[in-house]
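Reader: I'd like to go through this one and ask where the labels come from. Can you show it to me before we start?

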Amino acid sequence: MAKDSKKLSIIAFSGDFDKLTAVFTLATGAAAVGYEVNIFFTFWGLDAIKKKKGRAFVGGSKLTKMFGFMMGGLKVAPNSKFNFWGIGPKIFRKLMKKNNVATLEELVEAAIALEVNMYACEMAMHVLGLKKEDFIPEVKDVLGVATFLNLSDGGQTLFI
């Protein structure tokens, strides 16, 4: 990596609405000012990059399909606090729009437009019975931890 280049790598572990909003806010902000940005989605964070945005029986076995349904997707991501039986994220989306702040869905679109590098965690995919085809086409690759660490080398890494 050149001395003047900047890099931000984010490990997206959470599938919570507010935490995914932070992931994509940091990613798009950094990409907009010239950073190379890599996001490594693992476990619940994988919900952010699923093709199916709502609840769907995604996975290989009956158990992983139930997990896939319960986890949901981007449109049903719960808040980490003040979820209020699923109403919390709807309130936040309304407040975001009212205050001219990009919604989570708009941030994901911006990340795609800004060519943020999105990667899925191979190990978590195996555990949850997911395949690369279950994710949006903008997911660059499926990686193991060691490969992601090599990609992140020389930059700043955040865990959300």
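Author: What follows is a set of questions about labels, each answered by putting a value beside its cut-off. Keep in mind that this is a predicted model.

Reader: Fine. What is the overall layout of the protein chain?

Author: Going from the N terminus, the order is β-α-β-α-α-α-β-α-β-α-β, which gives six helices and five strands. Of the 160 residues in the protein chain, 42% are buried. The accessible surface is about 8,900 Å², and carbon and sulfur atoms account for 61% of that.

Reader: Let's take S9. Why is S9 called buried?

Author: Buried means under 20% relative accessible area. S9 has 0%, so S9 is buried. You'll find S9 in strand 1, residues 7–12.

Reader: And what makes the S9 and S152 pair a polar contact?

Author: The limit is 3.5 Å between N or O atoms, with one able to donate a hydrogen and the other to accept it. The side chains of S9 and S152 come to 3.2 Å, so the distance falls within the limit. S152 is also among the residues that S9 touches, along with N38, F148, Q156, T157 and L158, leaving aside residues up to four places away in sequence.

Reader: F148 is in there. Why is the pair of F40 and F148 called stacked?

Author: There are five aromatic pairs in the whole structure. In the pair of F40 and F148, the ring centres are 4.6 Å apart and the planes are at 20 degrees. Pairing needs centres within 6.5 Å and stacking needs planes under 30 degrees apart, so the pair passes on both counts. F40 sits in strand 2 (residues 36–41) and F148 in helix 6 (residues 145–152), so the pair ties together parts 108 residues apart in sequence. Both F40 and F148 are buried.

Reader: Which residues make up the aromatic cluster?

Author: That one cluster is formed by F13, F43, W44 and F159.

Reader: How do you know that K19 and D16 form a salt bridge?

Author: Their N to O distance is 3.9 Å, and the rule asks for a Lys or Arg side-chain nitrogen within 4 Å of an Asp or Glu carboxyl oxygen, so the pair qualifies. The count of salt bridges comes to three.

Reader: Are K19 and D16 buried or partly exposed?

Author: K19 is at 33%, which lies between 20% and 50%, so K19 is partly exposed. D16 is at 19%, which is under 20%, so D16 is buried.

Reader: What about the salt bridge between E105 and R93?

Author: Here N to O is 2.7 Å, so the pair is within 4 Å. E105 lies in helix 4 (residues 104–113) and R93 in helix 3, so the pair ties together parts twelve residues apart in sequence. R93, at 15% relative accessibility, is under 20% and therefore counts as buried. The side chains of D47 and K50 also meet in a salt bridge, at 2.9 Å, and both D47 and K50 are buried.

Conventions:
Residues numbered from 1 in each chain as written. Predicted model: local features only at pLDDT ≥ 70, side-chain atom pairs only at ≥ 80, totals over all residues. Heavy atoms only, no water. Helix = DSSP H or I, 4+ residues; strand = E, 2+ residues; numbered from the N terminus. Buried < 20%, exposed > 50% of the residue type's maximum accessible area, 1.4 Å probe, protein only. Contact = heavy atoms within 4.5 Å. Areas by Shrake-Rupley, 256 points an atom, 1.4 Å probe, with all protein chains shown as cover. Phe/Tyr/Trp six-rings, centres within 6.5 Å; stacked < 30°, edge-to-face > 60°.
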